[in-house]
Amino acid sequence: MLLLLKTWVGSLSMGMIFFCSPIVSVFTDILGCRVTAVGGAAVGLVGLLASSFVTSLGPLYFTYGIVFACGCSFAYQPSLVILGHYFKKRLGLVNGIVTAGSSVFTITLPFVLSGLLERVGLQNTMRVLCILMFVLMLAGFTYKPLLPVKSINTHTGSRFPPISKIFNINIWKSLGYRIWAFGIPAALYGYFVPYVHLMKHVEERFGTDASKEVLLMCIGITSGVGRLIFGRAADYVNGVNKVYLQVTSFFIIGLMSMMIPLCHIFGGLIAVCLLMGLFDGCFICIMAPIAFELVGDEDVSQAIGFLLGLMSVPMTVGPPIAGFLRDRLGSYDVAFYLAGIPPIVGGAVLCLIPWVEAKRKRKEKEEALNKEQDVTQKMIEHEKAQEDAQSKTGESVL
């Protein structure tokens, strides 16, 4: 039960970051990327600073799990949208380069935090991390949106604008986006289980002296490499066929999750982590390019926001369920086996998107062709009517 509670603290923070994303996307559409990002970083700074003065778990749920996480959400989501304002042809590569920065911190931050915790304690460590949040706030000032900010002003005299002006319902009219928005959360019920519980599993199987940090380094390094490689590769894949890269990443990560209990040699576990990190980078770096392909430039903010919001549910629920299974069964084996199933199922669902989008484009092309033929026919009839009228006028004169 204790393991379940510890896992819930981390899952709550990560889940809240994504849970707030739909609201963040609305603010991004109304206020723009710069104001939203800077305001979010400021809120996150306040939440993290307040957490450094908390001495019990209860208030920490609020200051760190809610305030800090919500601030991070407001700072994170505009960073995905702003790239589409500047880059079109190489959007995949740019997303890979930008998201690879998190891999650098995944590699280095655990060692830095371990040293800080030993020397200055938890509270002072949080205060040091406030410096990073302040830098993030300054970075938000560099966002200069090129696309126009959506206006929600109304001329009806109502004090509040209608919901349809605030929440963009156009994104849900796309069947391809609906499949994508529900297929990815379905895959994530097991996706994050290895990332949360792998360290504890290593301690139980290989002892507390095992080099757990090496596994984190493997995941972080290959994740950064994967974001650069697959981000560049996505630029060469036409349209929504980029989804197949995500399908591949889900299949590989699902299989690697099932392989973790079978690794009785530490070297085998390193190989599994290398592959997981590589395809984790693939999944992350092409989310924004796929969103741009499915809904277009104008609707991409809320398309990404609602997707991240739906992702918050499996991110919050999946790891605690795995912790519950560990407490009940005494080992992580069943939890890792089950964690591999949702990514494979979710990846299979995503395979429908290119077929659906191809069918939609054929239908639109046929409708456009029929409309063009109708216009041509009307023009012919109109010209014929004019000719008949002229001939009648000539006969009347004669």
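Tutor: What follows starts with the model itself, then takes the salt bridges, a surface patch and the cysteines.

This is a predicted model, in which local features need pLDDT of at least 70, side-chain atom pairs count only at pLDDT 80 or more, and totals for chains, interfaces and linings use all residues. Residues are numbered from 1 along each chain as its sequence is written, and side-chain values use heavy atoms, with hydrogens and water left out.

pLDDT is the predictor's confidence in each residue, from 0 to 100. Its mean over the protein chain is 82. A pLDDT of 70 or more is reached by 88% of the residues. Residues 1-9 stay under 50. For that stretch the model has 19 contacts beyond four places in sequence, a contact being heavy atoms within 4.5 Å.

Now the salt bridges. Side chains of opposite charge can pair when their charged atoms come close. The rule here asks for a side-chain nitrogen of Lys or Arg within 4 Å of a carboxyl oxygen of Asp or Glu. By that rule there are 6 salt bridges.

One of them joins Glu 204 to Arg 326, at 2.6 Å from N to O. Glu 204 sits in helix H9 (residues 193-206) and Arg 326 in helix H14 (residues 300-329), so the bridge ties together parts that are 122 residues apart in sequence. Helices are DSSP runs (H or I, at least four residues), numbered from the N terminus. Burial goes by relative accessible area: buried is under 20%, exposed over 50%, partly exposed in between (1.4 Å probe, protein chains only). Arg 326 is buried at 19%. Glu 204 is partly exposed at 34%.

Helix H9 also holds Arg 205, whose partner Asp 333 lies in helix H15 (residues 333-339), 128 residues apart. The closest N and O atoms of Asp 333 and Arg 205 are 3.3 Å apart. Asp 333 is partly exposed at 24%, and Arg 205 is partly exposed at 26%.

Another bridge pairs Lys 242 with Glu 293, at 3.2 Å from N to O. Lys 242 is in the loop between helix H10 (212-234) and helix H11 (243-259), while Glu 293 is in helix H13 (residues 287-295), so this pair ties together parts that are 51 residues apart in sequence. Lys 242 is buried at 7%. Glu 293 is partly exposed at 36%.

H15 and helix H16 (341-350) each supply at least two residues of the patch. H16 gives the most, with 3. Val 334, in helix H15, is partly exposed at 36%.

Last, the cysteines. A disulfide here is a pair of cysteine sulfur atoms within 2.5 Å. The whole structure has 0 disulfides. The sulfur of Cys 70 has its closest cysteine sulfur in Cys 20, at 3.1 Å, too far for a bond. Cys 70 is buried at 16%, and Cys 351 is partly exposed at 30%.
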